[in-house]
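Hi everyone, thanks for coming.

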Amino acid sequence: MATLSSETYRRADGSASTTWRVLVGGGKRPRRTIRLGGVTKRIAETAKLRIDALEVARIAGHSVDAETAAWLARISDSIHERIAKAGLVEPRRKAEEEDWTLGRLLETYITGRDDVKPNTLIAYRRSRRQLETFFGQDRLLSAIHEGDADDFKQWLLRRSAQATASREIKRARQFFKAAVRRRLIPANPFEDVKAGTQANPSRKHFVERREIEAVIAACPDNDWRLIFAFARYAGLRIPSELDELKWSDVNWERGRFVVQVPKKAHLPGHETRVVPIFSELRPHLERAFEEAPPGSVYVVPRAHGCPNLRRYAEQIIRRSGVKQWPKLFINCRASRETELVLEHPAHVVHAWIGHTASVAEAHYLQTTDADFERAIYPAQNPAQSGASRRRHRPSRRSENDVFSEKSDTCRNV
């Protein structure tokens with residue numbers, strides 16, 4: 001017999017949505033899932049009863065009742081296709097190419113992607129709105145050509161930044177590629193449209209140590225101190241890589257910890273990575289460990305199951321008196337990688353941070369004031385170089401040294 005269950009997804013803004021699914025099969029028959037999407041509970045219960053009737057009819061080898069047959073004829077192509085994949089009905093006859101509209105393609109594609117994360121589905125729906133706003137959801141796929149794709153790109157560029165337009169072009173190409181693979185259209189109109197770079201140099205910001213230390217000092221508890229410290233001093237993706245970080249993942253003796261990487265969980269061999277307990281991170285981590293209640297499992301309980309930390313993080317930054325920087329956590333991560341590549345081989349740093357060299361160069365590595373300072377005062381003669389720096393170097397560098405000394409002091413206590 002079929003069973004009905006629900007799934008709750010939390011969006012980036014903290015709100016939640018519930019979707020429903022019907023499970024069929026079991027025993028000697030393979031278990032199949034039919035996802036109904038974000039319908040009401042009443043509609044989901046009706047669908048479950050009809051699917052139950054289909055399953056019984058399939059097992060018994062008889063025809064379905066008239067009400068179930070009428071319901072089956074009314075449901076959308078996407079839901080019907082999922083029921084057909086479960087082996088309960090025969091697939092509907094494929095419509096001819098000219099019958100497929102843009103809205104139908106996008107609906108079929110998005111509802112069928114039950115293999116992606118909730119945030120990816122949110123991004124797909126956002127891209128769908130863009131395409132339907134420009135073309136109209138009733139526009140026939142066969143009526144969208146290469147020139148229309150070029151016009152869509154220019155429309156995006158007038159409304160948004162280059163990086164945003166690039167992302168939307170790539171996603172449109174993905175949707176239309178699916179149409180080609182279904183043989184709904186002979187060619188992808190977005191195939192030769194150059195998306196451009198998704199990097200946005202104007203939003204890069206090197207988060208100085210004096211800035212992050214002031215923010216950490218304004219944090220109300222260990223959780224928030226660790227959130228900022230892990231972002232700036234360990235280069236973790238926030239919040240996804242803090243979500244499942246447990247005390248059992250921390251190897252104090254070897255000075256490292258294991259990070260779960262949800263973003264790359266689908267890539268074999270990239271599900272986790274190992275990160276050093278950097279000297280700047282250790283005092284905050286040790287303090288949290290010493291003050292954690294007995295039996296604590298998660299290193300940062302506040303980050304577990306909480307996809308949206310940004311709002312309160314911004315309040316802490318304002319309280320600290322530090323000017324808010326763009327891309328709050330991403331620039332912390334980028335700043336750490338920028339520091340590390342000056343001290344360690346690039347391939348080692350990329351392994352710690354968890355991305356490729358090309359991604360690092362396009363989106364993370366930055367040129368800082370310290371780079372100019374090293375060029376102006378090269379350390380050919382250590383004694384002479386040190387004297388020059390004492391006379392001329394900017395005050396920010398000495399402040400960084402002070403914070404480094406503070407970290408050493410905390411570590412030695």
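I212 has 0% relative accessibility, so it counts as buried, where buried means under 20% relative accessible area, exposed over 50%, and partly exposed in between, with a 1.4 Å probe and protein chains only. A quick word on what we are looking at: this is a predicted model, in which local features need pLDDT of at least 70 and side-chain atom pairs count only at pLDDT 80 or more, while totals for chains, interfaces and linings use all residues. Residues are numbered from 1 along each chain as its sequence is written, and side-chain values use heavy atoms, with hydrogens and water left out.

Back to I212, which sits in helix 8, residues 209–217; helices here are DSSP runs of H or I with at least four residues, strands are runs of E with at least two, and both are numbered from the N terminus. What does I212 touch, leaving aside its neighbours within four places in sequence? The contacts are V207, F228, R232, Y233, W325 and C332, contact meaning heavy atoms within 4.5 Å. There is also A229, 17 residues away along the chain, with a C-alpha separation of 8.1 Å from I212.

Now please find R336, in helix 13, residues 328–340. Is this arginine buried or exposed? R336 is buried, because its relative accessibility is 3%. Beyond four places in sequence, R336 contacts R209, R232, Y233, A234, G235, F278 and E280. You will have noticed R232 and Y233 in the contact lists of both I212 and R336.

R11, R125, R126 and R129 form a positive patch. For patches, residues need over 30% relative accessible area and no salt bridge, and like charges are joined within 9 Å, nonpolar side chains (Val, Leu, Ile, Met, Phe, Trp, Tyr) within 5 Å. A salt bridge is a side-chain nitrogen of Lys or Arg within 4 Å of a carboxyl oxygen of Asp or Glu.

D192 is in the loop between helix 7 (162–181) and helix 8, and at 71% relative accessibility D192 is exposed.

To finish, the whole chain: 18 helices and six strands, with 41% of the 413 residues buried. Of the contacts with a separation of 6 or more, 59% are between residues 24 or more positions apart.

Technical notes. Accessible areas come from the Shrake-Rupley method with a 1.4 Å probe; for residues, only the protein chains shown count as cover. Lys and Arg count as positive and Asp and Glu as negative; His and the chain ends are not counted. The place of a charge is taken as NZ of Lys, CZ of Arg, CG of Asp or CD of Glu.
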